[in-house]
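Work through these exercises with the structure open beside you. Try each task before you read its solution.

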Number of protein chains: 4
Amino acid sequence: MAKDLVILAYSGGLDTSCILKWLIKKSYDVVCFMADVGQNEDFKKAKEKALGIGAKDVIVEDLRNEFVSNYMLPAVQMGLIYESRYYLGTSLARPCISVGLVNAAKKLGAKYISHGATGKGNDQVRFELSVYSLWPEGKIIAPWRLPEFFERFQGRNDLMEYAKQENIPVSATPKEPWSTDENIMHISYESGVLEDPSAAPPNGIFKITRNLKDAEDYPSIIDINFEKGLPVSVRIPSGHEKSLLLTNPLAIVETLNKLGGQHGVGRIDIVENRFLGLKSRGLYETPAGTILHAVHLDLEVFTLDKEVLRVKKYLQEKMADFVYNGFWFSPEANYTRKCLQLSQDMVNGTVTVQIYKGNVTILSRKSPTSLYNQDLVSMNIAGGFSPEDSTGFININALRLKEYSRLAQQEN
Amino acid sequence: MAKDLVILAYSGGLDTSCILKWLIKKSYDVVCFMADVGQNEDFKKAKEKALGIGAKDVIVEDLRNEFVSNYMLPAVQMGLIYESRYYLGTSLARPCISVGLVNAAKKLGAKYISHGATGKGNDQVRFELSVYSLWPEGKIIAPWRLPEFFERFQGRNDLMEYAKQENIPVSATPKEPWSTDENIMHISYESGVLEDPSAAPPNGIFKITRNLKDAEDYPSIIDINFEKGLPVSVRIPSGHEKSLLLTNPLAIVETLNKLGGQHGVGRIDIVENRFLGLKSRGLYETPAGTILHAVHLDLEVFTLDKEVLRVKKYLQEKMADFVYNGFWFSPEANYTRKCLQLSQDMVNGTVTVQIYKGNVTILSRKSPTSLYNQDLVSMNIAGGFSPEDSTGFININALRLKEYSRLAQQEN
Amino acid sequence: MAKDLVILAYSGGLDTSCILKWLIKKSYDVVCFMADVGQNEDFKKAKEKALGIGAKDVIVEDLRNEFVSNYMLPAVQMGLIYESRYYLGTSLARPCISVGLVNAAKKLGAKYISHGATGKGNDQVRFELSVYSLWPEGKIIAPWRLPEFFERFQGRNDLMEYAKQENIPVSATPKEPWSTDENIMHISYESGVLEDPSAAPPNGIFKITRNLKDAEDYPSIIDINFEKGLPVSVRIPSGHEKSLLLTNPLAIVETLNKLGGQHGVGRIDIVENRFLGLKSRGLYETPAGTILHAVHLDLEVFTLDKEVLRVKKYLQEKMADFVYNGFWFSPEANYTRKCLQLSQDMVNGTVTVQIYKGNVTILSRKSPTSLYNQDLVSMNIAGGFSPEDSTGFININALRLKEYSRLAQQEN
Amino acid sequence: MAKDLVILAYSGGLDTSCILKWLIKKSYDVVCFMADVGQNEDFKKAKEKALGIGAKDVIVEDLRNEFVSNYMLPAVQMGLIYESRYYLGTSLARPCISVGLVNAAKKLGAKYISHGATGKGNDQVRFELSVYSLWPEGKIIAPWRLPEFFERFQGRNDLMEYAKQENIPVSATPKEPWSTDENIMHISYESGVLEDPSAAPPNGIFKITRNLKDAEDYPSIIDINFEKGLPVSVRIPSGHEKSLLLTNPLAIVETLNKLGGQHGVGRIDIVENRFLGLKSRGLYETPAGTILHAVHLDLEVFTLDKEVLRVKKYLQEKMADFVYNGFWFSPEANYTRKCLQLSQDMVNGTVTVQIYKGNVTILSRKSPTSLYNQDLVSMNIAGGFSPEDSTGFININALRLKEYSRLAQQEN
């Protein structure tokens, strides 16, 4: 009888290697799926490792363009920031990877998708809600939530022993005392020694951004051009950098990551509320994302009508929660995304920004579709404005306040 | 017959000096009111000037403690940020000053309050709505909205000429080509050459924060302790600075301003939406405010329940608009303020923060009332958590998504 | 020299007839514009009256289809209810009429639009904001806000006298002691004796709905079919009424008005908050609108995803305020309308409703696009549901609550 | 060894009687807890039945006053309506009953609380989240979610057979083909034949409200007096009813239920979204609640400031979801409740209301704390209002719209 096929989201690390072996020993056929979302990874080596362990096949899919164009940049366009600080780098990658997993499962006729996400985290939710949305008939195997598995493997040592016993190659480098998730948008660090929110992060933990004291000692200037809220080109005038004009989304992000990293831009250290109701502490470095969000916000307030901005802001807060919680493919996210994108029709123009010593400083903004009217606002010219109108405006706004005061005086 | 008494919000500058004279010539008695909200001003000299012009009296009131304790720090506590970036330094000072104006008017039996705010700006609204709320019977004279006044004085030159003609002393220093509002929370810069949003600010415009390249080349570490969301003490361990423990609110703000300024913290350059519907461009430097907001946010997310945080965030966005628009004393602001303060009961604890090269970096947070539970979130220990529960949680959350997918598939 | 042309929103009543004369005597050419939005009016007679007074021309435009299709039914689709009770009948008519006014003004080369709305009301705002949005160069003459006019005409008697003096025909019927606005969606009653909110409305005030005691003593059953949230057909099975199938929007509304009126459906008596900050008391009768809103709501909750419904509800509350306040053509209303209409893609189906003695009772709803799943919800069959999942769902939701309880216990 | 003690939420019906037996046979000591929240129930008989089955004890607690004063009337005060229609009668009773359960458990040293709520419903969530909030150490036994139980009892027949086998007395009356939840606020009906949303409810299903055709043929008039948003007295002038003045909360609700029921007030038939993501169909009859909500809303809009009303409305929508979903004792509900109650300080006064043929018609409202100002709003007197101010108000509001129009014209 044919074995049931499992598509395993494989990372090459100890956990998913042990899961791979464990699934095979549970009599599944397992095809490993590795998404290249820009992480620093030797895919060839990982593939060989998986095949060595017994994977039926290993699929490596380059999703970097997909991730940048359909997840990261739309998140900038929508202004998605979770709990005022986190740019959602991991939250955005999970639905992107899930599309790859589900496509593979459907193509190969798999019955299950499996992953190594743990039971307290957000990623299990993001993967599974995405998978179920895309493939409602699909089934999930989440070993870290199966007592059979998690009771056997109670810590890293149990996994190490299993690896040894099953001839699974283990990296010689000792594991860092925290865990990491990396993609082209960001690197996150959490758990282990970081679980103490009162302990400053260990030195040297960050990988793509320099410490402020080591950041370049000159500022870099960048022009970023947006159409409908999406960055469409980046121009770096010659200076310390070679003059560049980039229009490819992936190249834009890679370049801003590099430059931002040199200038120490985009680190945060926060406590956040997980969807499950736990508070957790995480560090993130998001150089390109930080620059793009700051610039987009500037252009947005410059161009959008004041009241449209407020409606949009409500939607953006909702959407950030939807995405963080794993609901990227939900009806509410589909709907809210359309609304948010509708709001961006006028968000066109160019912002010049300086990055220096961790700071992103707006120098200039220009737009063909801005409601900014320099004549109208000028202190020196009337610009069609009648100052007497303000008197009426204030008096009418004061009506309600005066009534309230009079009533309050009566009350006392 | 006795003349009607006007209380004039007097700054000592050209505009309000001309208004003072103009009011006197319109047969009013005028008492000048100067609020010391921390601006850099020679009050004695200004007083003499006003008396010289003909003011019946000049009241100088030190409102610095009042402003810090009842406006600025509550704004930090409430998390008030206008359009995602502006900390509302001027918006908060206006109601504070209005209390002083109204108290003087009531005490002296004045019939009018007058000010030099212009007809396109926010400040006229903030002053007048505050005054009408506190004193519904009061009347306002806003010369910049009276055709008789604004048609006569069409620009600075007309004022200069009037000053000359009326023997009003004029500062020898040429006026800067922009206008400034200063208080202990911030300095704002707008209009004049700043009206072009595509022109970077002129060098040397900022007064209390250093340029990043001139910022100190060492980091400073500060411990800030909060009770119910209000900063109650600041400790600066010895290092580059002398060891300090501050508990006086005014001293806290002054010290953080000084330190933040040395490190280049707290500058922004933004376009904002005025209440009247105009877009305007402004620069702000808010060193202490920037540090305090960053630290308060960190502690708030660390301590507050996730869902309380979301309700509070909605209220905070509303409140920021109320304050910006001049509705500090309105029924809605009174109500929302109470609600926001209620949310802060658990926001207690200490955050350690590093300020360096314009950056405010959280190093550590501790709280006796945080919902953070290190055992519960730990990847290494169960902490009372059953991973199987997550399966149910995810499956139930997926129910709705699966139904939606099935319906969507039918549709296609 | 040619006179400036004014387009006057003319009603045929005393106010606008006097305004017409007054404008002519101020040396304007005046063309009267009458919009037929379904009010009970003798347009021919009104036209003759205006010409008799001296109008250069009178335009009567039938805007009933336009009003129903582009204002009233979209308002049902969007679910617009002001302050939980008012269906916005007048608020929706004003922008519709304004389009007619502006089109006439542009076509005839007018410089001004004039209207008889008073200075304390909402309609002046709705007319003028609509006109300025559609025709930013246009100018408004609002006599009731010009001291020259309102000081001369301080009450109805002054108008009567002016009419007499200027040979303006005056209706023989004495004016009712309240004012009325009528269109195909509703009739409103306010001011005069209604200004006392503690006095019950006078008997016989309502025109299109019967008193409950006089309502038909049999129920009527109606099937209403929606596509994308818009009512597209109404079927009335034979019974007390003749069997009918209606698909023309105007006919649908007229028929539901008649039937609803017979059954006493759709009266309210409320105090509302005007845009200017005043509270006012109004009565409204809205038979078809009341039926359509009730039915649309039922279908909407039946079909829409739970979370989409919540995002939509926020937008709908905002939109109701925009419309009430006169911002139908504003950027925020244009944007929010698009978002709300996007939400209605799945709101398809048929609701059967009984109307009887003022009550609108839903009897049945069916939809090809509902997310309602009878198998899934059934208490008798599993329908793919695993009860154990609920345990996990509840336990995870309880996590946060338990932490909060434990902390609260520590605190005490 | 002593057996573990379970407190069972007991109803006297077949389900909880079988659960009682099943728990005893699982070697638990079981104390039954019956809350009297106003349902029509023979508690004495139920108690005997439970003791006969083997309950160690039966506690019957009269929670009617508690339910009315601390749950139902505060819900009126807060304006809680779920998905625009449902007054939350069951949702409010669950936390009230949970307090009784937890108090009993703590007092008797129980380890478990058990209930008969099913796995697809809301009530399991409401009970358990309430219990966990009040008693984080507590444990729940929910048999309908235990495979051992729900696989054995797959339908009513299995329970009947078990009852027979275990000598559990079974009611002679055949069970109605739907399920019911009753308390002093409402009766709900769902499941069974009601699961088809296109089928009108069976005749005779409703218990406390008359059919419209059988409703009294005279109107009843009631005066309801509120303090801080809570109904504190009800006066029924003599007429068809005996003249009455009620101030006891329970008596108020009972009387309004009786009167409302005679007039056919308060039925709805809706589809709603359960917390678990299912849509379900339910009927509710809520006579007193319907009257009180209508009257409270009228007084609220009459008294509250316009903008406070809007902030409050947002909170009220959130709170309705919290309560429906079972989060009555959560941090967010505790917080939001305090905020909502704060909003009600000015909601004082008396509303006169007519109930007749299913309709609740406001006749009059009076308040010592209303912001309604009859002079100010009057069309006949100025009341301190300057019509010219409206011109300025409108012109300033139009500024933004004109800019938008000009830009839109450029674009085209």
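**Exercise 1. Find the rotation that relates chain D to chain C.**

Solution. This is a predicted model. Superpose chain D on chain C: a rotation of 180 degrees does it, with 0.0 Å of shift along the axis. Next, locate the axis on chain D. The C-alpha nearest the axis belongs to D:K357, at 3.2 Å from it. Last, compare the surfaces. The copies meet through the same surface, because 100% of the interface residues of chain D are also interface residues in chain C.

**Exercise 2. Find how chain C is related to chain B.**

Solution. Start from the general idea. Two copies of a chain are related by a rotation about an axis and a shift along it. Here the rotation that superposes chain C on chain B is 180 degrees. The shift along its axis is 0.0 Å, and the RMSD is 0.0 Å. That is the relation of a two-fold axis. Now check the contact residues: 100% of those in chain C recur in chain B, so the same surface serves both copies.

**Exercise 3. Describe the extent of the interface between chain C and chain B.**

Solution. Count residues, then area. In chain C, 26 residues are in contact with 26 residues of chain B. The two chains bury about 2300 Å² between them. Carbon and sulfur atoms carry 69% of that area. Then ask which residues of chain C lose the most area to chain B. They are C:I396, C:R400 and C:L407, together 23% of what that side buries.

**Exercise 4. List the polar links between chain C and chain B, then say which elements of chain C take part in the interface.**

Solution. Take the salt bridges: there are two across this interface. One of the salt bridges found joins C:D305 to B:R400. Their closest N and O atoms lie 2.7 Å apart. Six residue pairs are in polar contact across the interface. Turn to the elements. Those of chain C that give two or more residues to this side are α10 (306-324) and α13 (387-411). The largest share, 14 residues, comes from α13(C). Sort the side by class: eleven residues are nonpolar, eight polar and seven charged.

Methods: Residues numbered from 1 in each chain as written. Chains lettered and ligands numbered in written order. Predicted model: local features only at pLDDT ≥ 70, side-chain atom pairs only at ≥ 80, totals over all residues. Heavy atoms only, no water. Contact = heavy atoms within 4.5 Å. Buried area = accessible area lost by both parts, 1.4 Å probe. Salt bridge = Lys/Arg side-chain N within 4 Å of Asp/Glu carboxyl O. Polar contact = N/O pair within 3.5 Å; in protein donor to acceptor, adjacent residues only side chain to side chain. Helix = DSSP H or I, 4+ residues; strand = E, 2+ residues; numbered from the N terminus. Nonpolar A, V, L, I, M, F, W, Y, C, P; charged D, E, K, R; others polar. Least-squares fit on C-alpha atoms with pLDDT ≥ 70 in both.
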